[in-house]
Amino acid sequence: MQNPTTVRGRRSFLRNAAAIGAGLWAGENLEAYPQNTNTSSRPSDLKITDLRVATVARAPMTCPLIRIDTNQGIYGLGEVRDGASKNYALLLKSRLLGENPCNVDKLFRKLKQFGSHGRQGGGVCAVEMALWDLAGKAYNVPVYQMLGGKFRDKIRCYADTTESPDPKVFGQRLKARMDQGFSWLKMDLGVDMVAKTPGTVTRPEGTSFAYGDPTPHMFTGTEITEKGIAMMAEYVAQVREAVGMEVPLSADHFGHIGVNSCIRLGKALTKYNLSWLEDMIPWQNTELLKKISEAVDIPILTGEDIYLKEPFMELCRTHAVDIIQPDLATSGGILETKKIGDGAQEFGVPMVMHFAGTPVSCMANVHCAAATQNFLVMENHSVDVPWWGDLVNGVEKPIVNKGFITVPDKPGLGITLNDDAVKQHLLEPGYFDPTPQWNVDRTNDRQWS
């Protein structure tokens, strides 16, 4: 025989449940019920229908934006790396049509054979960004949440700053960055700034300092003298006097000088406690980078031109560098860059992020940085471009606010394009025009038999 108290309790529960259900379906709570469900999308039925391009100029670089459309009306935004060809993304279109964009990793593995180091990784990475944007919109969550959540709500930035041959002028420019709220600084420190002074650089006649020179550093025959090193060290000393010793200060663009010159210069700069010396020689030369890093007491950094995680892991495993610096628009996109950061962390190596694009690629970087524990700081080349932030809607403005970017909580990358603003800054006519000529490319892409 059942306990009367139990029976009464069960009846009471059923009456309450019925009342709640009736109220819900009567509309009393209906507004709250579906608020976290994206009713415009059935993710399992999503199919890619198109890939289109619009190229932004002077942001300050040339940056092709891509848009991947679907059969359900939602789309994803991505960006080919600054200075790269839009065709790197367009040639992937025929491999994407009809696919479900939410299968991001599957599609990345299908496409990654078509990327390479430097700007040649730009197409694969742009597509990967757009797929994550689409998946986030389909499931109504921000990208960082799909990566496992975030470690931080704001992303620390440093800003590219116009050079000056006068260290006092440049020091004041960096001080102005600090007044804007930036808590990490970087300077260019090339041998070109002292080369006009006799006795500072030894080099074969006719050798160029230009960064467009295809000759790798080790084969130029260019070495800096003690006089040149002293002048460069004095330049840094005056910059440090302007900004103080407390703020992190990094250095880049040393010029195509030999390994031994890199070491001697690095030793001379030790007293100024720089946060890193960037890309002193090409990244492919692991043993030579290790030679420099073992001889110099300033962190050595490289990585902005490396595609995929494996070369990064070799640099980290051998401790050839102290810090890695992937550019997400080359390194493989959002998830691959998080994998790079996580892998580097296993070897005790922190990660900074190289970036020089529009707010589209910027937000891809922000989500990745938020989700990666060993992240330090992210570059931004566009602080002085007045219309840069106008290109997108949906995020906090200014985007870079007192040296930080707030991680957006909206679905996907958290942004939409401001069509009118983007159209004002196009490199060429055409705004996401149809691209049927890229629909079919009949090849056998398999790399094994």
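At roughly what angle do the axes of helix α4 and helix α5 cross? In this predicted model, the answer is roughly 170 degrees. The close-ups below start with that helix pair and then turn to the sheet.

**View 1. Helices α4 and α5, axis against axis.** Here α4 covers residues 104-111 and α5 covers residues 122-139. Their axes come within 10 Å and cross at roughly 170 degrees. Angles over 145 degrees count as roughly antiparallel, so that's what α4 is relative to α5. As for handedness, α4 passes α5 in a right-handed crossing.

**View 2. The residues where α4 meets α5.** On the α4 side, look for Val104, Leu107, Phe108 and Leu111. Their counterparts in α5 are Val124, Val127, Glu128, Leu131, Trp132 and Ala135. Sort this contact by class and you get 9 nonpolar residues, 1 charged and no polar.

**View 3. An open sheet built from 3 strands.** The strands run in the order β1-β2-β3, with antiparallel pairing. At the edges sit β1 (48-56) and β3 (75-79), each of which pairs on one side only. Ignoring direction, neighbouring strands in this sheet are turned by 20 degrees against each other on average.

**View 4. Zooming in on β2 and β3.** Strand β2 takes in residues 63-70, and the pairing with β3 is antiparallel over 5 bridges. For a handy landmark, find Arg67: the bridge partner of Arg67 in β3 is Leu77.

Technical notes:
Residues numbered from 1 in each chain as written. Predicted model: local features only at pLDDT ≥ 70, side-chain atom pairs only at ≥ 80, totals over all residues. Heavy atoms only, no water. Axes fitted to C-alpha atoms, helices over the stretch in contact; angles between N-to-C directions. Helix = DSSP H or I, 4+ residues; strand = E, 2+ residues; numbered from the N terminus. Parallel < 35°, antiparallel > 145°, perpendicular 65-115°, else oblique. Left-handed = near helix turned anticlockwise from the far one by under 90°. Contact = heavy atoms within 4.5 Å. Nonpolar A, V, L, I, M, F, W, Y, C, P; charged D, E, K, R; others polar. Pairing = 2+ DSSP bridges.
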